[in-house]
Amino acid sequence: MLNLVFGLHMYQPPTQMAEVIKQIATESYRPTLRIIKDHPKAYVCIDIAASALELLEVHALDVVDLIRECLEKKKLFLVNTAAYHPILPLLPRTEIERQIAQNLYALKKAFGMPSIPHGCFLPEMAFSAEVLPALRRMQAGWTLADDVPYQALYGPHVPFNWVPSEQGTAIFLQSHLWQRRISFIGLPENRQYANGRVFAGELCEGVRAWQGTDADGYMVIWLDFETFGHHHKHLEESFFPPLFDASSYAELKLTDPDKLLLRYPKKDTVIPAGSWSTSSEQWQSGNYFPLWADKHNSFHLHWWSLVHLALGITERAADPNIRRLGDKMVYSCQPWQYAQGNRELARAGLHYFERVLESGTVQEQVRGWELLGALYDLTRG
């Protein structure tokens, strides 16, 4: 038996353009959620960032209604995350807690949840032990990490019939191999997996070879929601209905991490830092978050210096509007876009810092504008 956790990550940056969010809603969110709502065997985990909810409530409110319907029908299993998608291990603990608490408030407001979700998705699956005290305080019993850093430290054998636990928090390791096969479905070697039945069959066959023919194990796969229909047109149509049909087979069952914790034992394990974009080579060199905090990337270095300076201002701000700007300014897309060579998009969120600096001391403003000037210079041309 393979117990499969299949998760979708719903996030949009606070600077996302209206026409883009409308396009994504049309191509991805609506058609995928309708399939999930209507298919009798559908069961998918989903984490939803407050920044996405805020945009949907303005530009595609019916998508929020669809999510609510799927939750009521128990077709979706809701997971918490951080409100504006920062790289949590690089923030102070108070900010980690604030981001998680804000997102929980947004979920309760949108969906009227009777209880707190037991799990918390870390943006970009960026994990380090520094996040664990905040997760415990926010009543999160489990989170996720990618299995590449784990394999870089421990070797190729990833847990499948027990759950790693560190400081009392369960940490499920997602299959980087199978996640990438869907994320990069446009590559010739992956195109077959666009058919959900083929995917399910080869997944079960591969797991049997890995775990053993009589094994009872689990696997976790988590993807950006936009993979289906936006990044890969009509993938939701060819993938999800056959996958859901396949879940009626005795060897494949769609489930959620809460149920896995009831089925498999936890074992104390140290989980290495990293993200779902960290290669083994990058991990070995100590570059745990290369797309967001690369020590050789000047934009990243200046940006994080500015983040910590600006957070010092927002933490003591009496004006709630300044505090709110401080929440939005740390979203992960700015350093990510620069790492991808998209300078204009990397510059898009710098205006948040400009407004926060206005509330700082003279010394903070001088230093802040030095850092902002360097960032603007790096994003020109």
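R68 and D65 sit together in helix α3, 3 residues apart, which is about one turn of the helix. Keep in mind that this is a predicted model. The two side chains form a salt bridge, and their closest N and O atoms are 2.8 Å apart. In general, side chains of opposite charge can pair when their charged atoms come close. How buried or exposed is this pair? R68 has 26% relative accessibility, so it counts as partly exposed, falling between the 20% and 50% cut-offs. D65 lands in that middle class too, because its relative accessibility is 33%.

While we're at helix α3, let's look at its neighbour. Helix α3 covers residues 61-72, and it packs against helix α2, which covers residues 50-59. Two packed helices are described by the angle between their axes and the distance between the axes. Here the angle is about 120°, and the axes are 5 Å apart. An angle of 65 to 115 degrees would count as roughly perpendicular and one over 145 as roughly antiparallel, so α2 and α3 are oblique to each other.

Which residues actually meet there? On the α2 side you'll find L53, L56, E57 and H59, and on the α3 side L61, V63 and V64. Sorted by class, this contact has 5 nonpolar residues, 1 polar and 1 charged.

Now on to helix α4, which takes in residues 93-111. In this helix, R93 and E97 are 4 residues apart, so about one helical turn separates them. Their side chains meet in a salt bridge, at 2.9 Å from N to O. What about burial for these two? R93 is partly exposed, because its relative accessibility is 43%. E97 has a relative accessibility of 13%, and since buried means under 20%, E97 counts as buried.

D377 counts as exposed, because its 52% relative accessibility is over the 50% cut-off.

Key
Residues are numbered from 1 along each chain as its sequence is written. This is a predicted model: local features need pLDDT of at least 70, side-chain atom pairs count only at pLDDT 80 or more; totals for chains, interfaces and linings use all residues. Side-chain values use heavy atoms; hydrogens and water are left out. Axes are lines fitted to C-alpha atoms, for helices over the stretch in contact, and angles run from 0 to 180 degrees between N-to-C directions. Helices (H or I, at least four residues) and strands (E, at least two) are DSSP runs, numbered from the N terminus. Angles under 35 degrees count as roughly parallel, over 145 as roughly antiparallel, 65 to 115 as roughly perpendicular and the rest as oblique. Contact means heavy atoms within 4.5 Å. Ala, Val, Leu, Ile, Met, Phe, Trp, Tyr, Cys and Pro count as nonpolar, Asp, Glu, Lys and Arg as charged, and the others, Gly among them, as polar. A salt bridge is a side-chain nitrogen of Lys or Arg within 4 Å of a carboxyl oxygen of Asp or Glu. Buried means under 20% relative accessible area, exposed over 50%, partly exposed in between (1.4 Å probe, protein chains only).
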